Structure formats: C-alpha cells, structure tokens
Amino acid sequence: MAKKRPHTKAKRPQGTGAVGTAGADGQVPVVGAREPCPCGSGRRYKACHGRAAAHAVTELVQRPFEGLPGECDWVALRELVPAATVELKLREALPEGVPSVTLATVLPMAWPALRRDDGSVLIGLQNDTASGDISRDLADTLQRALVAEPGTPVQGRRAPADGPRLQDLLDPEGEFEPVVHTGFEFWVPDTDNATPEVTASLERANSAAIPTVKLSGVDAAYWCETPDKNHLRWVMPHPEERLLDALARLHAAGASSLGEGTRLVGSFRAHGLTVPVWDLPSGVGADDIEKPAAEFAERLAAALAEESPLTPDERRARGGLTNRQVTLS
C-alpha cells in the first residue's frame, strides 16, 4: 500500500473560506472519489484535485523512454525482441543485499519483477502497465523490487501519479547494451530445480520465441527469422516526418533495399519512434546483412540532410510508405 503523506497544521486555501489539509509537501492527499476534497474547496475529490490526479495517471506519454541511454533499443526490447536482457545502472548505489538490477523482455509467469534468492533484481519490460506512462510504472516496479524479500515476485499496480520515472532512477551516463538470447533460460540460475509452474512457463516461452539477432554495425537494428522469410526491423531516432521523407527519396531512387532480393516494405510506429522494416530472403542471415545495413545508414544520412521539396515520384513513394505504416503503441 502507498504510504500516507504526513499532514501539517491545517491551512486556509486561497479563494475559499474552508480549511484544507494539504500535506507537508504542499500536495493534497488522495481520498475516495466521493469524499470531500482535502483542499477545503467543498467539492467532491473527483471533481476537484482528483480530476488532475486521474489525468496524470491516464495521460499517454508518447515517448516514455526519451532521455534514457539507448532509447531505440528500449523500444525494440519492449515491442520486437522476444528474449533479451540488459544490466541497468542506477543513479544511486544499490541497496545492501542487491548485487545487480537486470532488465528483461519477459519474466516467468509474466511477473512485472522478481527478486531472486541471491538478492538480484529482474524487471520485466513487456508487461501491461496500469497508466499511460510506461516509464513511471516501471520505475515504481523497480523501487518495490529493490526492497522485496529475496525469492519473491513483485506484482503490478498503478504507480503514484507523482512517483519517479526511469529517467529519475537510472544513471543518465550508464550504457544500455542489450544481450539477445535464443531462449529464456536466463530466468532461473538452475533450470533443473525450477518449480513446475516456472518450467512450464519457460517451455511455452521458448517454443514461441522467434530467432532474433542484434546487428553490431548499426544501432538498434534487429534481424529475425520467420518460417516464410526473414526481416530486418530497425528502430530509428529521427523525427517521423523527416525520416519518411528521407526513406521516400531513397525508395524513389531505387536505393532503399539492402541488397538483391530485399525490400523495404513499410514501418512500425512505436513509442514515438519509427521502425522501418525490410523483407529478406530466407537464406539471408544476420551476418549477411551487416555490410548492406551500414551502407544504407550512409545513404540515409545523406537523404536526411536533403532540404529540397519532394519530387512527384518521391511523394508517391512516401504515400506508399505511409499507407503501409502500422502503429504498435
């Protein structure tokens, strides 16, 4: 349960003759929706300060990972990559008894977080969240996991509207280096002694995991293998409209592919960023696409720097790309 705010001597709110009960930090405590608002306005809480609190909880943050190192990889791990982990570095020293904090795409039983027997913390990224700010929800989960009893999972809840975000808790200079796994064995140090529930969850997750590899030559590009064809999905940090213009210039010039048999087929929109997607022949592996991807990055940089209006062919190419754009979040 959330801790109640300490109260100070009652204050007279401006503009009313009533006496309020603002907390020591000047904030109005949360009460039941139909109760009188503690500010002393005489209105019900839901029609007074509760309205702002509800809006803060439900308002969608378009780019929840903005400002974090590796924003593009955060988006990829949230939406595209089945099994991956990243060691996280906090602004403050870890509490005694917590040797490490690790971000994971998915945890067993879809737990939001897990405090292992050795005290280490795992945070799940792909869970549903209760508010419109994924960063705030994950920060709340992280804080609770740091003080949870070893060997216990942390359940989800609605984060306080004024709680910290990941940007407040994580080291802004810390590196964000995802490690992509072929399966979810990282869940448990000793799979032979895992509980039947965790073992069953592990088997289901492994059977559904799509083989995925992070390219090493460019940022936030992920190759994946599917039964019919392979794909490259590349999360890019550029403003959407400018990126679509650049992709259209390259597409109209016949320079948007990654080699013979490959094709730029559209893009995803996820957490405020754009994710171009290429179809690749089944025989094209992650290593095969490293050099073409690096060469494409150079062409894209030149196209992004172009300031002239789009030509008719480029506008048609842009329309085609826009029509094939899918919003993930």
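Reply: The second largest pocket holds about 340 Å³ of space. On a 1 Å grid over the protein atoms alone, a pocket is an open set of points where a 1.4 Å probe fits, with protein on both sides within 12 Å along at least five of seven lines. Its volume is the space filled by probe spheres set on the points. This is a predicted model, where local features need pLDDT of at least 70, side-chain atom pairs count only at pLDDT 80 or more, and totals for chains, interfaces and linings use all residues. Residues are numbered from 1 along each chain as its sequence is written, and side-chain values use heavy atoms, leaving out hydrogens and water.

Me: Which residues are closest to the centre of the second largest pocket?
Reply: Lining residues have an atom within 4 Å of a point. Of the 16 here, Leu114, Arg116, Asp117, Val188 and Pro189 are the closest to the centre.

Me: How do I read phi?
Reply: Most residues other than glycine have a negative phi. Here, Ala110 has a positive value near 60°, and His271 has one near 50°. His271 is in the loop between strand S10 (263-270) and strand S11 (273-280); strands are DSSP runs (E, at least two residues), numbered from the N terminus.

Me: Is Thr105 buried or exposed?
Reply: Buried means under 20% relative accessible area, and exposed over 50% (1.4 Å probe, protein chains only). Thr105 counts as buried because its relative accessibility is 0%. Leaving aside neighbours within four places in sequence, its contacts (heavy atoms within 4.5 Å) include Leu77, Gly124 and Phe184.

Notes:
Helix = DSSP H or I, 4+ residues; strand = E, 2+ residues; numbered from the N terminus.
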